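These are my notebook entries, written while I went through one structure step by step. I set down what I looked up, in the order in which I looked it up.

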Amino acid sequence: MLFRSKELRIKLKNIFTGTAAMESRIEFQGKSLETIQLSLAKDRDHIDNTPSIIPTPNSFRITDRYGMRRHPIKGYRHFHDAVDLAGTIGDPVKATASGEVINAKYQRYLGNSVTIKHKYGYDTLYAHLHRIKVKVGDKVNKGDVIGTMGRTGRTTGTHLHYRISLNGKPQNPLGYFF
């Protein structure tokens, strides 16, 4: 007959109502947490697959900028669609974003070079390498060593020729170093 007590019925009703409200809040917060986690995963994927680090961690001395210039060997004016970063032969060269190696070979003017295709329309080119440390089809993560600094191909000295393309259009790499 304890349950017939009005005071006890009110207390039980309040407990039940409070528990239901708490369950509802927990469910809402769980869904909110899932939404946040999905958003963070998308952001992480975008960060990992967008070029944003310096490919030459041991050196960041620019020897030639992106834009119009006088060709260092031929002497004519032309558009330089990359930046040249000086260093020492054998210095590590790192992938500036995660992606897949689509080219890893010697090319006449670029020497030993690697091209990586990334998500979101980006490609990066690393040229004049001393050694190539990846092969076509390799999946690389941002920060992985893909080669070493060199002076292969047509060059006047040891450096990395680094180019970023977005949907096939060259971009100034200096705007991507964070």
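Is Thr50 buried or exposed? I kept in mind that this is a predicted model, and I looked up the relative accessible area of Thr50, which is 12%. Buried means under 20%, so Thr50 counts as buried.

Next I asked where Thr50 sits, and I found its place in the loop between α1 (6-48) and β1. Leaving out residues up to four places away in sequence, I noted that Thr50 touches Thr96, Ala97, Tyr120, Tyr122 and Lys142.

**Entry on strand β4**

I then turned to β4, which covers residues 83-86. Val83 and Leu85 point one way from this strand, while Asp84 and Ala86 point the other way, and I noted that all of them are buried. I recalled that in a regular strand the side chains alternate between the two faces of the sheet.

Which strands pair with β4? I found that β1 (residues 61-64) pairs with β4 in the antiparallel sense over three bridges, and that β12 (residues 159-166) is joined to β4 by four bridges, also running antiparallel. I followed Leu85 in both directions: Leu85 is the bridge partner of Ile62, and in β12 the bridge partner of Leu85 is Leu160.

**Entry on the open sheet**

I looked up another group of strands and found three that form an open sheet in the order β5-β11-β9, with antiparallel pairing. β5 (92-94) and β9 (131-132) stand at the edges with a single partner strand each, so one side of each is left without a neighbour in the sheet. Between β5 and β11 (residues 145-148) I noted three bridges in the antiparallel sense, and I found Lys94 standing opposite Val145 in β11.

**Entry on the largest pocket**

How many residues line the largest pocket? I found 21 residues in the lining, of which Arg69, His71, Pro72, His128 and Arg154 lie nearest the centre of the pocket. I wrote down a volume of about 410 Å³ for this pocket.

Sorting the lining by class, I got six nonpolar, ten polar and five charged residues. I also checked which strands take part, and I found that β1, β3 (77-80) and β12 each supply at least two residues of the lining, with the largest share, three residues, coming from β3.

Methods:
Residues numbered from 1 in each chain as written. Predicted model: local features only at pLDDT ≥ 70, side-chain atom pairs only at ≥ 80, totals over all residues. Heavy atoms only, no water. Buried < 20%, exposed > 50% of the residue type's maximum accessible area, 1.4 Å probe, protein only. Pairing = 2+ DSSP bridges. 1 Å grid on protein atoms, 1.4 Å probe; cavity = no way out; pocket = protein on both sides within 12 Å on 5 of 7 lines; lining within 4 Å. Points joined across faces, edges and corners; volume = space filled by probe spheres on them. Nonpolar A, V, L, I, M, F, W, Y, C, P; charged D, E, K, R; others polar. Contact = heavy atoms within 4.5 Å.
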